[in-house]
Amino acid sequence: MSAEQIPAGGTVHYLDRHRPTIVLGREQPAAAVERLPDAAPREPAWLRAGRAAATISRTTGLGAGTALRRAWHYQAAGDLTGQIRKAEILRDLAATVEERKALDAELVRLRAERQIVRAARRREHRATAAGTAAGVVAVAVLAALAGLIVLPAAAASLGGAAWIAGRRELAHRREAAALTAGPGDDEPDGPLALEPAPGRPGVYTPDMLPNGKPFPIGHAHTDVEAAECILRALIKEGIPVGDISGVERTVWGWQCEVRVTEGTPAAIITRSDDLETLFDTAQGSVRVQPSVERRARAKLRIILSDPFASAPPPEYRAPGSMSITDRGRIGSSIDGDPLLVTLAGVMGEAIAASGGGKTGILQALAEITTACRDAITIDLDPAGDGLEDLGPAARLQGRTHEQIEHTLLFLLMLAKARARLRKHLGMGRKWAASREHPAIVAFIDEYPKLSKLAKRLAFELLLVGRKEAITVILASQGGTTVYLGENIAQMLALKIVGPCKVVDTRAVFGDGAAAEGWLPHRLSPATATDSRDAGHVYAQGVPGMQDAPVEYKIHEHPKGMLARLADERRDAGLLDPDADSLTAMADVDLPDYVEPEYDNEGNIRRPAPVELLTWEQLLRLCEADPPAAEVTPVTRERQAVRAALDTLKTQGLDRFRVETMAEALATRYPDLFDGLTADELGRLLRDAGCGTTVSIGAVDGLANARGYRRDALEAAL
């Protein structure tokens, strides 16, 4: 149809591709030709024929390749070949020698099995090999005889079979894609083209993502691909992510910073298990650390191998090489930063389940205190071996309830004495530790197994010991009141928590601790054959460090190293308490619950549950080495008590009147007590801690005399 044939005011519409239709309109001033948006000129025949030929060729080639691949896969035991390749990759990535040895053994087994399968399948086809060869020869002869007639027919038959096989393979692939794709989602499974924001290098936001779906982090080989993988997973889990930045490949996996647009990063923590599924990583491999400075941000780590494999070994510390106020490295963070600790004026706790590395935590702390030139280490454990190899470096070790109760009472009285003494020594508001006035650090393992009296003494010591440089570090397998008996888990300043239960996390760090990133309950304790996360901890209240939910690992000492350090430090000499503190203890009253109870006639109704011993007596009770010289000062008051006790033992008595004893001492010890009066002896006994006189019954012809009993004098010493 030519332009001259279009009536005036008409419009030509192509309602299909080949036949134009004329529509008349009175309003148009002139003729116009419009093409509908979906109309297009028909492609040339040669182009359509070429495209069809290419499709047939691809389908035929796919069918032939599929048949050959399946035959070869069966003949060459390809299933085992895939397993072997996977094992080789795992061996190259193994973090320990034991894992590599196990994978090497698995490779030997798989290769041997593949050889057996290959040999069996060769024998299986050997019987048909001759028939196949004969068939090939026959076909060749027939083809030669038939010439141009048979050859094209055979080629057409083979080509048709390959084309049919290719059509079937394409159908199988479409079905598989439909089954694996999400609803309305047929995008490819893998990294696409993600571009960073203009002017904000390294920052990626959800609106940059092309269409697609989550894919395993193992498919990511660049920072951009990892950013896309993480963004897709976060969005899939409904996390209100604003952007991610700082995407970095490390020796142990991937890490980045995530910013949320609403709520807190706790949303990421609660979805950690599902994120591990999307990333296709191990249980516990997603670690989230909320930022303390910026509430909306958190560091997201995807752990693919041991993050502490390159941590430095423990450093050597010579005897007396540091002060209790110095900080020492006991571990490393997941980023390689040091965990530096000092126990000067710090009450603390170490909580970890059985197999969580609790003993290792105490040993790491005690390794510092036993190297100090101004600190005394005490090792108490009612159920085990305490510091184990490092025990000989402690000044005394308590293992029985009797030893532990006497030690805790001694430390409590010493702390109360120092509270009154430090002002006279010019120390100010807290005890200044030095070699002459050393600090004391008591490690109490298995705290829940202490006696009721020992727990009460320890609790009081926790209240008064900090300012007096008497530190208590208790350890338990749990942090709840079921374990500790008192709600003291959150009271203590220093908290070091390893693998535990979620209730322990809440008991130690607070009810909302998990949402803030404190996640020791996601750590796994060791088993008999696998160390897992033993020694991995979260630490809070470390002097000089920010309270951030960072995962650390305590340094593990090589076998035999702690024993050698203990011997070296013991041989260098261990400190004893200062004479000033020991002297001041005589002016401190015992707690009421450790005093003996008497009836109205002065008879003992309940003996004292524990007696206050001198330092020398305490060392003998705990089977420790005696001091090089007597450290408890021999004052006139103590001389009077000892002389009175010796007199009672000689006379076979258990009580006395002050008047009678004053005469006896003046007679027996004229060099010390010549002219001693009853009033002066009473004052000496009171100042020595014997208390005031009590009713002692019928003595010296008096029906109800007053005086002292033998056990009061023994308690004073």
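1. The model contains an open sheet of 10 strands, with mixed pairing. The strand order is E10-E9-E18-E17-E16-E11-E15-E14-E12-E13. Strands (E, at least two residues) and helices (H or I, at least four) are DSSP runs, numbered from the N terminus. Two strands pair if DSSP finds at least two bridges between them.

2. This is a predicted model: local features need pLDDT of at least 70, side-chain atom pairs count only at pLDDT 80 or more, and totals for chains, interfaces and linings use all residues. Residues are numbered from 1 along each chain as its sequence is written, and side-chain values use heavy atoms, with hydrogens and water left out.

3. Inside the order, strand E14 (residues 439-444) runs parallel to strand E15 (residues 470-476). Five bridges join them. Ala 442 has Val 472 in E15 as its bridge partner.

4. Now the second largest pocket. Its space is about 900 Å³. A pocket is an open set of points on a 1 Å grid over the protein atoms alone, where a 1.4 Å probe fits, with protein on both sides within 12 Å along at least five of seven lines; lining residues have an atom within 4 Å of a point. The volume is the space filled by probe spheres set on the points, which are joined across faces, edges and corners.

5. This pocket has 44 lining residues. Closest to its centre are Ala 688, Gly 689, Cys 690, Ala 715 and Ala 716. Helix H20 gives the most to the lining, with four residues.
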